[in-house]
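Visitor: Please take me through one part of this protein up close. I would like to see what surrounds it, step by step.

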Amino acid sequence: MSSLTERLRHLRVEAGAAPAGHPDAAGLALAGVARRDTRSTVPIPVVAATRPDRPEDSGSREASAQDIRARLRRQLGLRDRLQPAQHVPGARATDADRQVAGEQIAPGLHVTEAWHDWPSAGPRIDAGFAGHGSLDRSRFLHFDTETTGLAGGTGTRAFMIGAADWHGSRLRLRQLTITLLSAETAMLRAFAEWLTPETVLVSYNGKCYDAPLLATRYRLARLTNPLPDCLHLDLLHPVRRRWRSQWPNCRLATAERELLGVLREDDLPGSEAPRAWLDYLRGGSAHNLRRVAEHNAQDLRSLAGILLRLAEAP
(Lines give C-alpha, C1' and ligand atoms only; values in the text may rest on other atoms or scores of the structure.)
Protein backbone atom coordinates (compact mmCIF):
# COMPACT_ATOMS: atom_id res chain seq x y z
CA MET A 1 0.00 0.00 0.00
CA SER A 2 2.84 2.36 0.77
CA SER A 3 4.33 1.83 -2.66
CA LEU A 4 1.03 2.75 -4.30
CA THR A 5 0.85 5.93 -2.21
CA GLU A 6 4.40 6.82 -3.18
CA ARG A 7 3.65 6.37 -6.89
CA LEU A 8 0.55 8.61 -6.62
CA ARG A 9 2.63 11.30 -4.94
CA HIS A 10 5.18 11.19 -7.75
CA LEU A 11 2.44 11.40 -10.38
CA ARG A 12 0.95 14.44 -8.66
CA VAL A 13 4.34 16.14 -8.58
CA GLU A 14 4.92 15.41 -12.28
CA ALA A 15 1.46 16.81 -13.05
CA GLY A 16 2.51 20.09 -11.41
CA ALA A 17 0.70 19.92 -8.09
CA ALA A 18 2.91 19.91 -5.06
CA PRO A 19 1.82 17.84 -2.09
CA ALA A 20 -0.08 19.62 0.60
CA GLY A 21 2.23 21.53 2.83
CA HIS A 22 5.08 21.18 0.37
CA PRO A 23 7.38 24.29 0.60
CA ASP A 24 7.48 24.68 -3.21
CA ALA A 25 3.69 24.79 -3.65
CA ALA A 26 3.59 28.62 -3.75
CA GLY A 27 6.60 28.71 -6.10
CA LEU A 28 4.93 26.36 -8.54
CA ALA A 29 1.84 28.57 -8.60
CA LEU A 30 3.92 31.73 -9.27
CA ALA A 31 5.75 29.94 -12.06
CA GLY A 32 2.49 29.66 -13.98
CA VAL A 33 1.87 25.93 -13.51
CA ALA A 34 -1.76 24.90 -13.99
CA ARG A 35 -3.25 22.87 -11.15
CA ARG A 36 -6.49 20.97 -11.02
CA ASP A 37 -9.31 21.46 -8.59
CA THR A 38 -10.18 18.22 -6.81
CA ARG A 39 -13.84 18.97 -7.39
CA SER A 40 -13.62 19.65 -11.13
CA THR A 41 -11.75 18.48 -14.16
CA VAL A 42 -11.54 22.03 -15.62
CA PRO A 43 -7.99 23.40 -15.34
CA ILE A 44 -7.64 26.66 -13.42
CA PRO A 45 -4.95 28.91 -14.95
CA VAL A 46 -2.73 30.75 -12.56
CA VAL A 47 -1.39 34.18 -13.67
CA ALA A 48 2.35 34.16 -13.70
CA ALA A 49 4.19 36.82 -11.79
CA THR A 50 5.93 39.36 -14.03
CA ARG A 51 8.75 41.82 -13.59
CA PRO A 52 9.53 45.08 -15.42
CA ASP A 53 11.35 44.59 -18.69
CA ARG A 54 14.95 45.55 -18.70
CA PRO A 55 16.03 48.06 -21.41
CA GLU A 56 18.09 45.44 -23.16
CA ASP A 57 15.08 43.06 -23.19
CA SER A 58 12.84 45.59 -25.01
CA GLY A 59 15.60 46.36 -27.47
CA SER A 60 16.16 42.72 -28.27
CA ARG A 61 12.42 42.16 -28.74
CA GLU A 62 12.24 45.14 -31.11
CA ALA A 63 15.16 43.81 -33.13
CA SER A 64 13.55 40.37 -33.19
CA ALA A 65 10.23 41.86 -34.35
CA GLN A 66 11.97 43.75 -37.16
CA ASP A 67 13.77 40.59 -38.23
CA ILE A 68 10.46 38.67 -38.31
CA ARG A 69 8.80 41.38 -40.41
CA ALA A 70 11.72 41.37 -42.84
CA ARG A 71 11.57 37.60 -43.23
CA LEU A 72 7.80 37.72 -43.78
CA ARG A 73 8.19 40.37 -46.49
CA ARG A 74 10.84 38.25 -48.23
CA GLN A 75 8.63 35.18 -48.07
CA LEU A 76 5.70 37.12 -49.49
CA GLY A 77 7.87 38.55 -52.27
CA LEU A 78 7.23 42.17 -51.22
CA ARG A 79 9.64 45.01 -51.86
CA ASP A 80 10.15 48.11 -49.77
CA ARG A 81 8.81 51.27 -51.33
CA LEU A 82 11.37 53.60 -52.76
CA GLN A 83 12.05 56.46 -50.39
CA PRO A 84 13.05 59.94 -51.57
CA ALA A 85 16.75 60.52 -51.59
CA GLN A 86 18.01 61.99 -48.34
CA HIS A 87 20.99 64.24 -47.75
CA VAL A 88 23.46 62.05 -45.94
CA PRO A 89 25.58 63.93 -43.37
CA GLY A 90 28.73 63.58 -45.43
CA ALA A 91 27.01 65.04 -48.52
CA ARG A 92 25.44 68.10 -46.88
CA ALA A 93 26.50 71.51 -48.04
CA THR A 94 29.18 73.23 -46.00
CA ASP A 95 28.56 76.57 -44.31
CA ALA A 96 30.32 78.29 -47.21
CA ASP A 97 28.14 76.51 -49.76
CA ARG A 98 25.04 77.69 -47.87
CA GLN A 99 26.17 81.30 -47.98
CA VAL A 100 23.66 83.54 -49.79
CA ALA A 101 25.05 86.79 -51.15
CA GLY A 102 24.02 90.06 -49.62
CA GLU A 103 22.91 91.43 -46.27
CA GLN A 104 20.06 89.86 -44.35
CA ILE A 105 17.61 92.70 -43.65
CA ALA A 106 14.84 90.49 -42.27
CA PRO A 107 14.64 86.80 -41.27
CA GLY A 108 15.16 84.90 -44.53
CA LEU A 109 15.39 88.05 -46.70
CA HIS A 110 18.71 89.07 -48.28
CA VAL A 111 19.49 92.17 -50.32
CA THR A 112 22.48 92.85 -52.57
CA GLU A 113 23.60 96.09 -54.19
CA ALA A 114 26.10 96.62 -57.02
CA TRP A 115 27.06 99.59 -59.18
CA HIS A 116 28.03 99.72 -62.86
CA ASP A 117 29.49 102.70 -64.74
CA TRP A 118 27.47 103.71 -67.82
CA PRO A 119 28.87 107.02 -69.04
CA SER A 120 27.06 106.92 -72.42
CA ALA A 121 23.62 107.33 -70.88
CA GLY A 122 22.21 110.86 -71.07
CA PRO A 123 20.08 112.55 -68.42
CA ARG A 124 16.87 111.97 -70.39
CA ILE A 125 15.58 109.05 -72.43
CA ASP A 126 13.31 109.32 -75.43
CA ALA A 127 10.42 106.89 -74.91
CA GLY A 128 8.79 107.72 -78.24
CA PHE A 129 9.11 104.06 -79.26
CA ALA A 130 6.45 103.32 -76.62
CA GLY A 131 4.24 106.34 -77.33
CA HIS A 132 5.75 108.59 -74.67
CA GLY A 133 8.00 111.62 -74.84
CA SER A 134 11.34 112.35 -73.28
CA LEU A 135 11.53 111.15 -69.68
CA ASP A 136 14.02 111.82 -66.93
CA ARG A 137 16.35 108.86 -66.70
CA SER A 138 16.25 108.80 -62.90
CA ARG A 139 12.58 107.73 -63.08
CA PHE A 140 13.31 104.42 -64.79
CA LEU A 141 13.36 101.21 -62.75
CA HIS A 142 14.21 98.02 -64.66
CA PHE A 143 12.87 94.95 -62.88
CA ASP A 144 12.85 91.20 -63.33
CA THR A 145 11.70 88.29 -61.16
CA GLU A 146 12.93 84.74 -60.65
CA THR A 147 10.05 82.45 -59.77
CA THR A 148 9.16 78.91 -58.75
CA GLY A 149 7.58 78.15 -62.13
CA LEU A 150 6.42 79.57 -65.43
CA ALA A 151 2.76 78.61 -65.21
CA GLY A 152 1.73 81.53 -63.03
CA GLY A 153 -1.29 81.35 -60.79
CA THR A 154 -1.50 81.32 -57.01
CA GLY A 155 0.90 78.38 -56.72
CA THR A 156 3.79 80.30 -58.29
CA ARG A 157 5.76 82.77 -56.24
CA ALA A 158 8.77 85.00 -56.80
CA PHE A 159 11.79 84.10 -54.69
CA MET A 160 13.97 86.84 -56.17
CA ILE A 161 13.19 90.36 -57.39
CA GLY A 162 15.89 92.33 -59.13
CA ALA A 163 15.74 96.04 -59.92
CA ALA A 164 18.11 98.53 -61.56
CA ASP A 165 17.89 102.33 -61.55
CA TRP A 166 20.07 105.22 -62.70
CA HIS A 167 22.12 107.52 -60.51
CA GLY A 168 24.10 109.98 -62.61
CA SER A 169 26.29 107.98 -64.96
CA ARG A 170 25.97 104.80 -62.93
CA LEU A 171 23.46 101.96 -62.87
CA ARG A 172 22.57 100.57 -59.46
CA LEU A 173 21.52 96.90 -59.26
CA ARG A 174 19.63 95.62 -56.23
CA GLN A 175 18.31 92.12 -55.66
CA LEU A 176 15.95 90.77 -53.03
CA THR A 177 16.20 87.02 -52.32
CA ILE A 178 14.17 84.98 -49.85
CA THR A 179 15.53 81.81 -48.24
CA LEU A 180 12.40 81.15 -46.19
CA LEU A 181 8.81 80.95 -47.39
CA SER A 182 7.78 83.17 -44.50
CA ALA A 183 10.02 85.99 -45.81
CA GLU A 184 7.89 86.64 -48.90
CA THR A 185 5.82 89.39 -47.27
CA ALA A 186 8.95 91.22 -46.17
CA MET A 187 10.32 91.01 -49.72
CA LEU A 188 7.12 92.44 -51.20
CA ARG A 189 7.18 95.31 -48.72
CA ALA A 190 10.84 96.05 -49.49
CA PHE A 191 10.20 96.12 -53.24
CA ALA A 192 7.20 98.41 -52.78
CA GLU A 193 9.47 100.91 -50.99
CA TRP A 194 11.59 101.16 -54.15
CA LEU A 195 8.62 102.48 -56.16
CA THR A 196 6.87 105.81 -56.28
CA PRO A 197 4.02 107.08 -58.49
CA GLU A 198 6.73 108.75 -60.62
CA THR A 199 8.54 105.47 -61.28
CA VAL A 200 8.68 104.21 -64.87
CA LEU A 201 8.89 100.44 -64.82
CA VAL A 202 10.93 98.70 -67.53
CA SER A 203 10.60 94.96 -68.18
CA TYR A 204 10.77 92.31 -70.88
CA ASN A 205 7.41 90.58 -71.11
CA GLY A 206 6.69 91.94 -67.63
CA LYS A 207 3.17 93.09 -68.46
CA CYS A 208 2.15 89.53 -69.24
CA TYR A 209 4.15 87.67 -66.61
CA ASP A 210 6.08 89.51 -63.87
CA ALA A 211 3.52 92.21 -63.08
CA PRO A 212 0.49 89.85 -62.87
CA LEU A 213 2.45 87.39 -60.76
CA LEU A 214 3.49 90.08 -58.30
CA ALA A 215 -0.06 91.42 -58.24
CA THR A 216 -1.24 87.97 -57.14
CA ARG A 217 1.41 87.73 -54.44
CA TYR A 218 0.55 91.20 -53.10
CA ARG A 219 -3.12 90.25 -53.01
CA LEU A 220 -2.45 86.97 -51.19
CA ALA A 221 -0.24 88.79 -48.69
CA ARG A 222 -3.03 91.40 -48.21
CA LEU A 223 -0.69 94.20 -49.22
CA THR A 224 -1.32 97.12 -51.55
CA ASN A 225 0.07 96.44 -55.01
CA PRO A 226 2.25 99.44 -56.00
CA LEU A 227 2.74 98.48 -59.66
CA PRO A 228 -0.52 99.85 -61.18
CA ASP A 229 0.44 103.36 -60.07
CA CYS A 230 3.54 103.30 -62.28
CA LEU A 231 4.00 103.79 -66.01
CA HIS A 232 5.18 100.45 -67.42
CA LEU A 233 7.32 100.06 -70.56
CA ASP A 234 7.41 96.44 -71.72
CA LEU A 235 10.35 96.28 -74.17
CA LEU A 236 9.26 92.99 -75.74
CA HIS A 237 6.54 94.68 -77.81
CA PRO A 238 8.64 97.43 -79.45
CA VAL A 239 11.44 94.91 -80.07
CA ARG A 240 8.97 92.68 -81.90
CA ARG A 241 7.66 95.53 -84.00
CA ARG A 242 11.14 96.52 -85.13
CA TRP A 243 13.06 93.26 -85.52
CA ARG A 244 10.76 90.25 -85.63
CA SER A 245 11.15 90.01 -89.42
CA GLN A 246 14.96 89.99 -89.08
CA TRP A 247 15.56 87.71 -86.09
CA PRO A 248 14.66 84.04 -85.58
CA ASN A 249 12.82 85.06 -82.39
CA CYS A 250 12.55 87.98 -80.03
CA ARG A 251 13.56 86.38 -76.75
CA LEU A 252 15.67 88.45 -74.39
CA ALA A 253 18.78 86.37 -75.09
CA THR A 254 18.35 87.06 -78.82
CA ALA A 255 17.76 90.78 -78.33
CA GLU A 256 20.82 91.23 -76.12
CA ARG A 257 22.97 89.30 -78.57
CA GLU A 258 21.79 91.24 -81.63
CA LEU A 259 21.64 94.70 -80.04
CA LEU A 260 24.31 94.59 -77.34
CA GLY A 261 26.70 91.86 -78.49
CA VAL A 262 26.14 89.97 -75.24
CA LEU A 263 26.76 86.23 -75.46
CA ARG A 264 26.29 84.53 -72.13
CA GLU A 265 28.76 81.86 -71.05
CA ASP A 266 28.15 79.41 -68.20
CA ASP A 267 24.76 80.99 -67.67
CA LEU A 268 22.18 79.08 -65.67
CA PRO A 269 19.03 78.83 -67.81
CA GLY A 270 15.97 80.49 -66.35
CA SER A 271 14.15 77.16 -66.41
CA GLU A 272 16.65 75.84 -63.84
CA ALA A 273 16.00 78.66 -61.36
CA PRO A 274 13.09 76.94 -59.54
CA ARG A 275 15.16 73.81 -58.92
CA ALA A 276 18.12 75.85 -57.65
CA TRP A 277 15.95 77.58 -55.05
CA LEU A 278 14.06 74.45 -53.98
CA ASP A 279 17.31 72.49 -53.63
CA TYR A 280 18.61 75.22 -51.34
CA LEU A 281 15.47 75.11 -49.20
CA ARG A 282 15.98 71.34 -48.80
CA GLY A 283 19.45 71.88 -47.39
CA GLY A 284 21.47 71.87 -50.59
CA SER A 285 24.25 74.13 -51.77
CA ALA A 286 23.71 77.80 -52.58
CA HIS A 287 26.00 77.55 -55.61
CA ASN A 288 23.22 77.44 -58.21
CA LEU A 289 21.20 80.02 -56.27
CA ARG A 290 24.13 82.41 -56.66
CA ARG A 291 24.17 81.58 -60.38
CA VAL A 292 20.49 82.53 -60.52
CA ALA A 293 21.42 85.90 -59.04
CA GLU A 294 24.10 86.36 -61.73
CA HIS A 295 21.55 85.48 -64.42
CA ASN A 296 19.09 87.99 -62.97
CA ALA A 297 21.75 90.72 -62.81
CA GLN A 298 22.57 90.21 -66.50
CA ASP A 299 18.87 90.45 -67.34
CA LEU A 300 18.76 93.84 -65.62
CA ARG A 301 21.85 95.14 -67.42
CA SER A 302 20.42 93.94 -70.73
CA LEU A 303 17.13 95.72 -70.04
CA ALA A 304 19.00 98.99 -69.53
CA GLY A 305 21.04 98.49 -72.72
CA ILE A 306 18.03 97.55 -74.88
CA LEU A 307 16.09 100.55 -73.55
CA LEU A 308 18.89 102.89 -74.65
CA ARG A 309 19.14 101.22 -78.07
CA LEU A 310 15.39 101.60 -78.62
CA ALA A 311 15.60 105.24 -77.60
CA GLU A 312 18.42 105.86 -80.08
CA ALA A 313 16.96 103.86 -83.00
CA PRO A 314 15.40 105.96 -85.79
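Guide: Start with strand β9, residues 170-178, which is mostly covered: eight of its nine residues are buried. Buried means under 20% relative accessible area, exposed means over 50%, and partly exposed lies in between, with a 1.4 Å probe and protein chains only. Strands (E, at least two residues) and helices (H or I, at least four) are DSSP runs, numbered from the N terminus. This is a predicted model: local features need pLDDT of at least 70, side-chain atom pairs count only at pLDDT 80 or more, and totals for chains, interfaces and linings use all residues. Residues are numbered from 1 along each chain as its sequence is written, and side-chain values use heavy atoms, leaving out hydrogens and water.

Now look at the partners of β9. Two strands pair if DSSP finds at least two bridges between them. Strand β4, residues 109-117, runs antiparallel to β9, and nine bridges join them. Find His110: its bridge partner in β9 is Thr177. Strand β8, residues 158-167, is also antiparallel to β9, with eight bridges. Here Ala164 has Leu173 of β9 as its bridge partner. β8 and β9 form a hairpin with two residues between the strands. In that hairpin, Gly168 takes a positive phi near 65 degrees.

Step across β8 to β7, residues 140-147. β7 and β8 pair in the antiparallel sense over seven bridges. Thr145 stands opposite Ile161 in β8. β7 also pairs with strand β10, residues 200-203, this time in the parallel sense, over three bridges. Leu141 stands opposite Leu201 in β10.

In a regular strand the side chains alternate between the two faces of the sheet. In β7 both faces are covered. Phe140, His142, Asp144 and Glu146 are buried on one side. Leu141, Phe143, Thr145 and Thr147 are buried on the other.

Next, the nonpolar packing. A nonpolar core is a set of buried Ala, Val, Leu, Ile, Met, Phe, Trp, Tyr and Cys residues joined through side-chain atoms within 4.5 Å. The largest one has 37 residues. Those with the most contacts inside it are Leu109, Phe159, Leu176, Phe191, Leu214 and Leu227. Elements giving two or more residues to this core include β4, β7, β8 and β9, along with helices such as α4 (184-193) and α5 (210-220). The largest share, five residues, comes from β8. Apart from this core lies another, of 33 residues, among them Phe140, Val202, Ala255 and Leu300.

Zoom in on Phe159. Contact means heavy atoms within 4.5 Å. Not counting residues up to four places away in sequence, Phe159 touches Leu176, Thr177 and Ile178, among others. Its contacts also include Glu146, Met187 and Trp277.

Finish at α5. Its buried residues are Asp210, Ala211, Leu213, Leu214, Thr216, Arg217 and Tyr218. They pack against β7, β8, α4 and β11 (231-234). After α5 comes Arg222, whose phi is positive, near 60 degrees.

Now step back. The protein has nine helices and eleven strands. Of its 314 residues, 37% are buried. Among contacts with a separation of 6 or more, 67% join residues 24 or more positions apart.
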